[in-house]
Amino acid sequence: MRQFFRIALRFWSGETRVRAWVLTIAVLVFVAAQTATAVGINSWNRFFFDALEKRDTGAVWSVIAWLPALVVAFSLSLSALVISRMLLQARWREDLTRRLAGWWIADQRYYRLGFLTKRQTAPEYRIADDVRLAIEPLAEFAIGLISAAVTAATFAAILWQVAGSAHFTLGGVPVVIPSYMALAAIVYAAVASLAAYLTGRPLVARIAAKNEAEAQFRAEMTRLRENAESIALIKGDADERASVGENYGRVLAAWLRVIRQQGVIALVLNTNGALFPIVPLLLIAPKYLSGEVTLGAVMQVVAAFSAVQAALIWFVDNFVRLAEWFASVTRVDELVEELEALDVGTIMVGETQISLGESNDGAIHIKELSLAHSNGRVVIADATVVIELGEKVLIVGESGSGKSTLIRSLAGLWPWGSGSIQVPRGKSIAFVPQKPYLPLGDFRTVLLYPDSDIPVSDETIIAALRRCGLAYMAKRLNEEDNWDRVLSGGERQRVAFVRLLIQKPDIIIMDEATSALDEDSQNSLLGLFEGELAHATVISVGHRPGLEDFHDRKITLEKRLAGAHLSSRRIGKSLWRLFRSRQPANEDEVV
């Protein structure tokens, strides 16, 4: 709770503090206005029933004349309170969502978080759903508590003034209980609240477990949708159906535990609901029968008792929602803890830090680089290599030797290790993964990503498409589609090379960037590094035949228990690739 409030309450102290305090003051003003109109209606009840008891027609119509003004005032104040509360909720959620999402996305934490822990699941759901479920009820709870406190104090004073003290004789001794109605309301509320707490306490953990099961079920369905083609091709329907059924079984079991506990709480709440309107009548009846109070006073006392009671048993009425809210707070807090742990894990000192710097000679310098997993296991040990300006380097090695980890460290995505990496000052770098990312938008946006706003002529884009074997896509340049699903794996990799042709980066780092292409298409695209992109420094991870012909040097990672060892050798150039590299890929081929 303390950690959650530490980050959530920055809404009132950060850049949004002016807006936060204006909305808060507005809410408090309308809470006061709503309470004042409620007191006015309570007084109206007394006057109305006193007039009825006296059968004074003139007085009755006089009191009725006040009613429209009271109703309008009550409706306006309550409506204004609802609007100001919803604005406060929306802005507070916006502030917390922006900060959490920004924290998660910045410095590739969304990527590195998966390496730190396997327990954290679906952080996007925690930001989208649990932040809402933590903020919106919290604003209502805070306003409800303030309103309950003001209401309880106000109407307790009315009970004190109107009901007075209770007088009776016990064993021949006269007994006086001052403000007995207010005391009765407090005692009744305390008993009801204690009963609700004792019966509802287990609900918090059960709702948290239910929310976790729901999130895992949603993640399972999302995974099924994202891998639909692969599952359909291997006919994995039966296994997926069984997996979905098993996951939903856990959701159902969690829900049944919640339902059982809510049944126990419902027993307490329903008992309270049955006694709630009866208790004040039983307590004030002796005074009315003795003639000490009028009918109007009875109705005012009953209404005031109900108001005090409703305020004091706020905890009872909101216990289930409090449990649900606390479960969402817990999930948000877990995300905050994981992000903080990730930051702490990457703040290394002395020799345990990977130093990222800039070189002045145009070369990439890797010096005494050791890379490790987050659990401390060394992947690559003491690697030292210099990659000269314009050099084409191929990195090979058996599976698990650390090839992709080395690429991640060059991208600044891998924080665990030691040594230094220096990249040329002022040079542009492009990373080409095995499965390039395709954003939403038209095809032009896809091709220009991540610099979608730069001015590039259609002729330049079409020429790049033609060179990379995607000429047939030129007619769809301004068309929007779900490109992530429309394009095949080979077409996605061709898109990555189109981006390289348009952007012309100084350094290109590739990880299995041609794995989905046939050999002829691979040769054609890699031929760009002998032609249009000859100036670029290339670092490529791959193992397919023919890759050596397009590189100047091969770095081999030899897997060892103490960490992979790095060795380097020059690659002789063959004459035949000078002719093949400039052949365009088959423009009609759909990979």
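**Exercise 1.** Which element gives the most to the lining of the second largest pocket?

*Solution.* Before we start, note that this is a predicted model, where local features need pLDDT of at least 70, side-chain atom pairs count only at pLDDT 80 or more, and totals for chains, interfaces and linings use all residues. Residues are numbered from 1 along each chain as its sequence is written, and side-chain values use heavy atoms, leaving out hydrogens and water.

Step 1: a pocket is an open set of points on a 1 Å grid over the protein atoms alone, where a 1.4 Å probe fits, with protein on both sides within 12 Å along at least five of seven lines; lining residues have an atom within 4 Å of a point.

Step 2: 25 residues line the second largest pocket, and Gln34, Gly144, Ser147, Ala148 and Thr151 lie nearest its centre.

Step 3: two or more lining residues come from each of α2 (17-54), α3 (57-105), α5 (123-163), α11 (295-312) and α12 (314-317). Helices here are DSSP runs (H or I, at least four residues), numbered from the N terminus.

Step 4: the answer is α5, with 8 residues.

**Exercise 2.** How do the residues of this lining divide into nonpolar, polar and charged?

*Solution.* Ala, Val, Leu, Ile, Met, Phe, Trp, Tyr, Cys and Pro count as nonpolar, Asp, Glu, Lys and Arg as charged, and the others, Gly among them, as polar. That sorting gives 14 nonpolar, 7 polar and 4 charged residues.

**Exercise 3.** How much space lies in the second largest pocket?

*Solution.* Volume is the space filled by probe spheres set on the points, with grid points joined across faces, edges and corners. For this pocket, it comes to about 530 Å³.
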